[in-house]
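Here's a quick tour of the model on your screen. Have the viewer open and click along as you read.

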Amino acid sequence: MLRRDLVMLGLVSAGLAACGPRVPVGADGLPQATIFRITEDDARAIPFRMLESVNTLRRAAGAGPVQLDVQLNAAAATHSRDMAVQNRPWHFGSNGSSPVDRLRQVGYPGAFVGEVISESFEDDATTLRAWMADRETRGVILDRTATRLGIAWFQEQGGKIWWTMVLGR
């Protein structure tokens with residue numbers, strides 16, 4: 001009787017395991033990173049999801065809300081593409097431009113507050129969590145003088161995403 005119960009328990013366990021999500025495993029036995037592919041629907045939603053999340057975090061920190069700004073979005077998009085071309089996450093363009101230069105190039109009339117960047121295969125929420133986990137990038141996002149936000153990304157064929165968030169006032 002005990003043997004039959006163990007066999008049944010094993011079959012049920014195997015059946016349940018087969019129903020769960022399958023996580024790809026690498027040669028090292030560790031789970032492989034999944035690639036977040038940005039769809040057209042995502043592309044329309046990401047700026048508003050990011051804005052809502054950033055404003056929730058800012059409100060919790062006692063900072064005022066920011067608004068999306070098309071010029072800051074344009075500056076962020078330019079930099080995301082340029083980082084992909086350079087294949088490195090840093091704040092300077094391949095032409096030597098700084099974040100302030102990029103704001104001037106798009107005609108932004110306000111002041112530059114800060115820029116946060118990322119190179120990842122992860123979605124916008126995971127990227128924002130990573131930015132908030134770092135003291136320096138968290139400080140930019142929660143800067144009380146910021147009133148405007150630009151967010152953009154560039155996704156390579158292989159799935160890597162170059163994220164840029166620019167804050168201004």
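## Starting at the end of a helix

Let's begin at G62, which comes after helix α2 and has a positive phi, near 85°. Helices here are DSSP runs of H or I with at least four residues, strands are runs of E with at least two, and both are numbered from the N terminus.

Before going on, keep in mind that this is a predicted model: local features need pLDDT of at least 70, side-chain atom pairs count only at pLDDT 80 or more, and totals for chains, interfaces and linings use all residues. Residues are numbered from 1 along each chain as its sequence is written, and side-chain values use heavy atoms, with hydrogens and water left out.

## The overall layout

The protein has 6 helices and 4 strands, and from the N terminus on they run α-α-β-α-α-β-α-α-β-β. Of its 169 residues, 38% count as buried (under 20% relative accessible area; exposed is over 50%, partly exposed is in between, with a 1.4 Å probe and protein chains only).

Contacts mean heavy atoms within 4.5 Å. Taking the contacts with a separation of 6 or more, 66% come from residues 24 or more positions apart. The protein exposes about 10100 Å², and carbon and sulfur atoms supply 58% of that (Shrake-Rupley method, 1.4 Å probe; for residues, only the protein chains shown count as cover).

## Helix α2 up close

α2 covers residues 40-60, so to speak a run of 21 residues, and reaches 31 Å from its first C-alpha to its last, close to the 30 Å expected. That expected span is 1.5 Å times one less than the number of residues. α2 also bends by about 35° at I46, with a proline, P47, following within four residues; the bend is the angle between axes fitted to the seven residues ending there and the seven starting there.

Which residues of α2 are buried? They are D42, I46, P47, M50, L51, V54, N55 and R58. An α-helix has 3.6 residues a turn, so residues three or four places apart point the same way. The cover over the buried residues of α2 includes β1 (67-68), α5 (124-133), α6 (135-141), β3 (148-155) and β4 (161-168).

## Two nonpolar cores

A nonpolar core is a set of buried Ala, Val, Leu, Ile, Met, Phe, Trp, Tyr and Cys residues joined through side-chain atoms within 4.5 Å. The largest one has 22 residues, and V54, W131, I141, W163, M165 and L167 have the most contacts inside it. At least two residues of this core come from each of α2, β2 (112-120), α5, α6, β3 and β4. A second, separate core has 8 residues, including A75, A77, Y108 and V166.

Click on L167 to see its neighbors: leaving out residues up to four places away in sequence, L167 touches V66, L72, F112, V113, G114, V140, I141, A146, R148 and L149.

Q86 sits in helix α3 (residues 70-86). Why does Q86 count as buried? Because its relative accessibility is 19%. Beyond residues up to four places away in sequence, Q86 touches F92, G93 and S94, and a polar atom of the Q86 side chain lies 3.1 Å from the backbone oxygen of F92.

N87 lies in the loop between α3 and α4 (99-105). N87 is not a glycine, yet has a positive phi of about 55°, and is partly exposed at 48% relative accessible area. E136, in helix α6, counts as exposed at 61% relative accessibility. Its C-alpha is 9.1 Å from that of V116, 20 residues apart along the chain.

Key
Polar contact = N/O pair within 3.5 Å; in protein donor to acceptor, adjacent residues only side chain to side chain.
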